[in-house]
Amino acid sequence: MSLRTEGLTKSFGGVLAVNGASVELRDGKINGLIGPNGSGKTTFFNIVTGMIKPDSGRVLYRDRDLTRHSPHRVAHAGIGRTFQLCRIFPRLSVLENMLVAVRRTRLRELLAGLRDTGEVERARHWLRRMGIEHLEDAEARDLSYGQQKLLELAAVLMAEPDLVLLDEPAGGVNPALIDRIIHLVRDLNAEGRTFLVVEHNMDMVMGMCDHVIVFDRGAPIAEGPPGLVREDPRVLEAYLGV
Ligand SMILES: Nc1ncnc2c1ncn2[C@@H]1O[C@H](COP(=O)(O)OP(=O)(O)OP(=O)(O)O)[C@@H](O)[C@H]1O
């Protein structure tokens, strides 16, 4: 069993962002998380990764209780994530971004030129997988937005997560690069990593995911294979308000 949540709830003032969400991911699969704007997907990610604390409920990963653990401890447990608006260090080089990602290299050592050659080799391996190895000396801010997203994913992979949460990987990315991201995710999944992907691009969700969970008003209302979910009247109603 991979990730499971029980009755997660979080409100901001009067807004119930996540409302008793009990979710169980398919282990070893590409899981999609979809739902209308404001249905609580990002808040759910933020709770799972320890960035915000739930008001109630539990987060269980491999039968360990990770509820209210710090983001660092969640990462250490094997869960990695990317962000809706990609988070990288714009003034560091691509390679430096990779090395700070693992925390084993402290920024001070990095800037002093002290690099662990094993880590550098691993960083280059992931940059090659993303097809951006030729950019290792470029400043991250000079990369295209799509390349920055690939860098962010590469940096997440430096921690060797078993479960990867992707928050809108296709957002702001051109169609050719979306295809590349889909292939990468499939390959990474075939190597044994489980994925949970929040995405508004339905072609990507339907073409890439094995299992889709649909949120509405802070909790799952339907789940199943993409083809079935797409036809589900509850899902159409949530999206279209019909
Ligand atoms: N920090 C916050 N303070 C106040 N309200 C918040 C905060 N974060 C989220 N919300 C509210 O909680 C609800 C759920 O937001 P959330 O971003 O989790 O939804 P989402 O499904 O990820 O939306 P989108 O698809 O637009 O990214 C929304 O009504 C949002 O306005």
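Trainee: How many Å separate the centres of domain 1 and domain 2?
Mentor: 26 Å, taken over C-alpha atoms. Keep in mind that this is a predicted model.

Trainee: How many residues does the contact take from each domain?
Mentor: Ten from domain 1 and eight from domain 2.

Trainee: On the domain 1 side, which helix gives the most?
Mentor: Helix α7, residues 175-190. It puts three residues on the side that touches domain 2.

Trainee: And by class, what does that side of domain 1 have?
Mentor: Seven nonpolar residues, two polar and one charged.

Trainee: Where do the domains run in the chain?
Mentor: Domain 1 covers 1-78 + 161-242. Domain 2 is 89-160.

Trainee: Switching to the core. Which residues touch the most other members of the largest nonpolar one?
Mentor: M98, L151 and A154, out of 69 residues. Helix α6, residues 145-157, gives the most to this core, with seven.

Trainee: Now the ligand. Which residues surround it?
Mentor: F12, V15, A17, G35, N37, G38, S39, G40, K41, T42 and T43. Two elements give two or more residues to that shell: β2 (15-24) and α1 (41-48).

Trainee: Which gives the most?
Mentor: α1, with three residues.

Trainee: How do the shell residues divide by class?
Mentor: Three nonpolar, seven polar and one charged.

Methods. Residues numbered from 1 in each chain as written. Predicted model: local features only at pLDDT ≥ 70, side-chain atom pairs only at ≥ 80, totals over all residues. Domains from an automatic or database assignment. Contact = placed C-beta atoms within 7 Å. Helix = DSSP H or I, 4+ residues; strand = E, 2+ residues; numbered from the N terminus. Nonpolar A, V, L, I, M, F, W, Y, C, P; charged D, E, K, R; others polar. Near = placed C-beta within 6 Å. Core = buried A, V, L, I, M, F, W, Y, C linked by C-beta atoms within 7 Å. Buried ≥ 20, exposed ≤ 12 C-beta atoms within 10 Å, placed from the backbone.
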